[in-house]
Amino acid sequence: MEKSIGNIAGMEHKPTPAIIPVSGACVAEISSLRVGLPRNLKGPDGQRKVQMTISSVVKKYGANNLPLLHPSRDMNLEDLDECWFEINSLKPKFSGSARDASRVGTAKGLLKKVGHWDCRGIQRAMEIEAKVAEIEAKIKDSQVTVFDREIKLRSEVLKELGHIDATSVLQLKGRAACEIDTADELMASELMLEGAFNTLDVHQVVAVASCLVPVENTQAVVDVQPALKEPLLALKAAAQRIGDVSKAKGLEIDVEEYVQSFKSTLMNVSYSWSRGSSFSEISAMTDLFEGSIIRAMRRLNELIMQLHAASVAIGDEKLAEKFQKAAQSIQRGIIFAASLYVES
């Protein structure tokens, strides 16, 4: 045994075969390869034969690449594949320990530092892995907790605004909100069900609805036409109420920022277009690019049609007819001309 270890440590002794009893704790791995043993293993010829066989196997596979016994494939031990792969994934982390052999002064030091397996390193790695799994589980639980809290708070907002009742049953306002996905559905349904559109004419409806359509930032200060000032104030009041309720129920929201997100940039533009102005005339009312105006107006048309569908869903035929006429008032000219590239 000493001669064999001395050869590993870089000494020039030629290894000689020997039969040495060892305890099970010294066995780190078991290969799936089997070497046939002669009847008389105590004689020098038998030992030399086994040594030559082992040397040829090591030469063929490499000292560190011998195929290992697989628990389920070779031993029929079920449900151990995961543990098997986990152990094998840890091996590369400790393979560097063997390269430290040249820095170990004696064979005794080598065995003390490396042995067949760095058990302390494996134990440490397993402890770290278990800690990582524990932290990941806590993160997952935390995300679920935050999500559950968010749902609860938003449900309280919906109850306060009248979208659902105390038992979370969908109400008329909530039914209307379900039909809208091109704009803020809470804001749109709030305006509808609180009667903000009832007293407006078709052109004013178009102008108010344009405030719900997101547009690019502009440097121009919009001075809305007199007929649109009161509807704009009503819209801001509705936004303020939604923001206040959301904040009161615990949602993280900047109420002022929420109110200001409904811009009046397109009010004059859409109002004039609905009343029959030319595209060159409405383009002069804003510093938005012509392409931006066309995209915004097309999206406005989609929103108005969804408001029409929402009115039908809640059974308000008069309001549905008003939205239908509002959509028809803007569906003209270059804005709704068929594209040579995407339409036939």
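Me: Which residue follows helix 9, and what is its phi?
Reply: Helices here are DSSP runs of H or I, at least four residues, numbered from the N terminus. This is a predicted model, where local features need pLDDT of at least 70, side-chain atom pairs count only at pLDDT 80 or more, and totals for chains, interfaces and linings use all residues. Residues are numbered from 1 along each chain as its sequence is written, and side-chain values use heavy atoms, with hydrogens and water left out. After helix 9 comes Gly-250, with a positive phi near 105°.

Me: What does helix 9 reach from its first C-alpha to its last?
Reply: Helix 9 runs over residues 226-248, 23 residues in total.

Me: Which helix supplies the largest share of the lining of the second largest pocket?
Reply: A pocket is an open set of points on a 1 Å grid over the protein atoms alone, where a 1.4 Å probe fits, with protein on both sides within 12 Å along at least five of seven lines; lining residues have an atom within 4 Å of a point. This one has 16 lining residues, and Ser-246 is among those nearest its centre. Helix 9 and helix 5 (119-161) each supply at least two. The largest share, seven residues, comes from helix 5.

Me: Where is confidence lowest in the chain?
Reply: pLDDT is the predictor's confidence in each residue, from 0 to 100, and the chain's mean is 80. Helix 8 (residues 202-210) is highest, at 96. The lowest, at a mean of 41, is helix 1 (residues 2-8).

Conventions: Expected span 1.5 Å × (residues − 1).
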